[in-house]
Amino acid sequence: PVLLVEGEKTCDKAASLLPEFSVLTWQGGTGKVAKVDLAPLANRNVSIWPDADDAGKKAAEALSQRLLDLGAEVSIVDVSDIQAVAPKWDLADEVPEGIDIRAKLSNANQCRELSLFDNALSGAELLSATYPEIEWVLPNLLPKGLAMLAAPPKTGKSWLALEWCYQAVLNGHDALYLALEDSDRRINTRLKLAGKTRESSKLGKINFWAGYKEDGRQIPVGPDAVLEVQRHLKLNPNTKLVVIDTMRPVMTTNRAGSKSYDEWVSDLRPWVKIASNRACILFIHHTRKKSGEADENPFETILGSQGIMATIDTVAVLVPKVGSKDALVHITGKDVEDAEFFYEWLYPSFTEGGDAKRKSLGSTQHLFYNYTEQHPGCTQADIIQTFQMDKGQVSKVISRLVEMGMVRKGGECGNQLFPLH
């Protein structure tokens with residue numbers, strides 16, 4: 001049998017104490033176990049005696065898994081009792097009182113091959129565990145993590161981002177706005193307009209950094225940009241919202257044309273890491289022109305690949321209402337429930353306007369929905385008779401209201417209409 005120990009001095013002493021074993025060691029100590037050539041020990045019976053410290057036990061575990069892969073029969077001596085009375089003890093030292101070397105070898109723990117997932121948590125363990133609540137920067141809208149607000153050009157996304165900064169300040173947080181496509185003069189104009197309907201003292205707690213500066217300073221890109229934002233969050237721990245408007249100037253892969261999935265993931269992962277449990281970092285981005293289809297998924301209009309949706313924690317898409325500056329903001333993410341928020345444009349900014357689904361209804365949909373509120377349990381025939389409208393058109397509008405979760409069909413015959421919202 002083979003006995004594997006750490007260090008030449010220990011190897012020599014162990015060989016004299018246990019002559020029935022072929023005692024071996026390796027070069028480089030615990031830090032080099034991954035590079036040791038263990039091929040000569042393939043299919044052998046190997047016992048490992050670690051030093052009585054955490055590093056020794058960790059090295060023994062790593063060696064055992066490599067030896068098992070080679071077909072060896074492996075056991076590890078439990079040195080926890082020795083570590084408790086003589087930390088860092090090894091076989092070259094005087095044996096502590098009450099310790100029987102041969103008995104410990106005989107009772108060495110037989111090792112079994114482990115997979116990476118052997119330490120996976122069971123459903124029972126997860127059900128009984130408690131985890132910290134989600135930390136919200138803006139309740140039910142922006143949790144800590146990496147987020148994105150995407151919208152078509154010139155639809156007010158910078159105004160909405162400013163409004164979210166203002167709301168973060170009202171919640172007791174500080175905010176940093178990196179306006180990378182603006183000058184100080186333009187930010188000054190925007191703040192003066194915002195001050196007409198918002199508290200100037202609260203707006204004053206938002207810090208701004210303009211992308212176009214007269215002194216020529218520019219935002220760094222890639223890892224350097226990540227480092228600067230990380231440093232700011234470290235030095236200013238109350239900063240819980242960082243807006244980067246827009247995201248393109250800080251991306252490493254900042255080139256013309258579309259980027260691949262892997263390029264987006266590579267660019268975004270460092271931002272996910274620094275945002276996690278620290279703050280909400282909100283990228284401002286663009287959407288492509290809508291296809292015109294009524295049921296188009298707003299998240300599919302985001303410029304870029306699926307790498308964005310796969311990597312960013314929270315995604316919001318601002319969709320302007322036709323013929324109005326009002327907008328719906330669609331939200332999805334890993335820690336937020338899918339939701340829609342209606343924002344009313346009250347010059348010079350957006351104000352959250354309440355029930356997004358109701359606000360999103362067209363004029364005919366409003367008409368029919370209001371009728372179901374006033375006459376719960378009515379039928380489609382009642383609506384046709386009341387408004388003298390085509391049966392096919394009424395059926396189509398009612399079906400859409402049902403799909404939207406605004407109306408349900410019920411009653412004894414299943415043809416009565418009841419409002420849900």
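A residue is taken as buried under 20% relative accessible area, as exposed over 50%, and as partly exposed in between (1.4 Å probe, protein chains only). The model is predicted, so that local features need pLDDT of at least 70 and side-chain atom pairs count only at pLDDT 80 or more, whereas totals for chains, interfaces and linings use all residues. Residues are numbered from 1 along each chain as its sequence is written, and side-chain values use heavy atoms, with hydrogens and water left out.

The chain contains 15 helices and 19 strands, assigned as DSSP runs (H or I of at least four residues for helices, E of at least two for strands) and numbered from the N terminus. The radius of gyration, taken over C-alpha atoms, is 33 Å, well over the 22 Å given for 421 residues by the globule rule (2.2 Å times the number of residues to the power 0.38), so the chain is more spread out than a compact globule. Of these 421 residues, 43% count as buried, and the C-alpha trace spans about 105 × 70 × 40 Å along its principal axes.

Two features of the backbone concern cis peptide bonds. One runs from Asp245 to Thr246, with omega near 5°, and Thr246 lies in the loop between strand E11 (239–245) and helix H10 (261–275). Another joins Tyr347 and Pro348, with omega about 10°, Pro348 being placed in the loop between strands E15 (339–346) and E16 (349–355).

Gln388, although not a glycine, has a positive phi of about 50°; this residue lies in the loop between helices H14 (380–387) and H15 (391–403) and is exposed, with a relative accessible area of 65%.
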